[in-house]
Amino acid sequence: MKKLVRVTLVLLALAVVLAAVYACDNQKETGGQASPGGTQNSADPGNSGAQSSSSSSASPTPDSAQPTQLDPGTEDGQAAGYTVETGVLIMATNAEFPPYEYWEGGKIVGIDAEIAEAIANRLGLTLQIDDIDFDAIIAAVSSGRVDMGMAGMTVTEDRMESVDFSTSYATGVQVIIVKEGSAITDVDDLFADDASFDIGVQESTTGDLYTTWDLEEEGLATIYRFRRGADAVQALVTGRVDCVVIDNEPARAFVAMNPGLIILETEFAVEDYAICFAKGSTELRNAVDAALRELIADGTVQRILDKYIAAD
Ligand code: GLN
């Protein structure tokens with residue numbers, strides 16, 4: 001009988017222990033369920049912090065802002081790899097191309113400078129502009145020394161082999177500048193069977209490429225290449241070349257500075273300007289492109305163009 005009591009007591013004790021363990025487990029589960037909520041809340045400030053920082057506002061996929069999916073570590077990692085220098089958007093240009101980029105009062109100003117500034121603002125980045133030779137921009141971009149190139153740059157198939165382009169934000173036209181009273185009155189004069197004009201261009205620009213392929217290689221012209229468009233125009237003023245083939249807006253600026261020059265009505269080529277990026281820098285390109293598209297859609301780009309380009 002004594003043995004039976006002892007067994008009962010042991011069983012009872014076992015039941016109490018089991019009940020306690022079960023209760024404890026249950027509590028843990030409830031705590032576990034509450035915990036993700038707590039984690040979410042405490043993660044929230046982190047997430048909104050990330051949103052106000054460059055990385056998240058720059059993110060091309062708004063879905064990544066889902067709070068439960070966010071790992072702040074990953075976000076920081078993305079921000080670090082986003083641009084060459086964290087928090088900075090480095091743009092290479094050639095500030096010899098009014099009204100797109102030129103020096104004024106110790107500062108690079110112009111259409112590209114302002115659009116880039118607006119893009120950087122949208123992405124929460126600080127814009128830095130590096131002024132280099134035009135023909136060095138693609139190498140600076142593709143080697144990853146800078147984030148992007150923006151220089152009234154025309155989208156061409158050749159360039160697309162070395163860099164990726166954004167959506168186009170402006171149209172350029174290759175025009176012909178001559179001296180008043182020039183024998184060249186129309187683009188067709190450059191293509192005449194017996195043509196042999198001396199043509200000034202800015203080195204490595206589309207004006208250089210087109211005249212080289214279409215005229216010099218056909219034996220119809222001699223091309224003189226200058227580091228700056230302004231130097232090509234100076235060569236025209238001093239009679240070293242017969243005409244200059246260059247983009248229409250800088251052409252207007254250079255003609256305004258040099259009396260006696262005119263721009264022919266007929267155009268050499270019509271082209272699209274866009275921003276270039278290293279091939280494969282998809283994340284940066286998508287972010288900049290999304291910001292640029294918004295700035296086009298809300299009229300900012302047009303306002304900047306109108307500010308610098310006087311209506312005819
Ligand atoms: N649009 C021309 C090109 O891309 C010229 C640009 C420039 O001189 N900045 O070649």
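Me: Which residue in β3 is the bridge partner of E96?
Reply: Y102 is the bridge partner of E96 in this predicted model.

Me: How do you know that β2 and β3 count as paired?
Reply: Pairing takes at least two bridges between the strands. β2 and β3 (residues 101–104) have two, in the antiparallel sense. Therefore they meet the cut-off.

Me: What makes β2 and β4 edge strands?
Reply: The open sheet has the order β2-β3-β4, with antiparallel pairing. β2 (96–97) and β4 (107–109) each have a single partner strand, so one side of each lacks a neighbour in the sheet.

Me: Why is β1 called largely enclosed?
Reply: A residue is buried if 20 or more other C-beta atoms lie within 10 Å of its own. Five of the six residues of β1 (residues 88–93) are buried, so the rest of the structure largely encloses this strand.

Me: Which residues surround the ligand?
Reply: Among them are N94, F97, F134, M153, Q202 and D247. The shell divides into four nonpolar, seven polar and one charged. Asp counts as charged, and D247 is in the shell.

Me: Which domains supply at least three residues each to the shell?
Reply: Domain 2 (85–169 + 274–308) and domain 3 (172–271) do.

How values were computed: Residues are numbered from 1 along each chain as its sequence is written. This is a predicted model: local features need pLDDT of at least 70, side-chain atom pairs count only at pLDDT 80 or more; totals for chains, interfaces and linings use all residues. A residue is near a molecule or strand if its C-beta atom, placed from the backbone, lies within 6 Å of it. Domain bounds come from an automatic or database domain assignment. Helices (H or I, at least four residues) and strands (E, at least two) are DSSP runs, numbered from the N terminus. A residue is buried if 20 or more other C-beta atoms lie within 10 Å of its own, exposed if 12 or fewer, and partly exposed in between; C-beta atoms are placed from the backbone.
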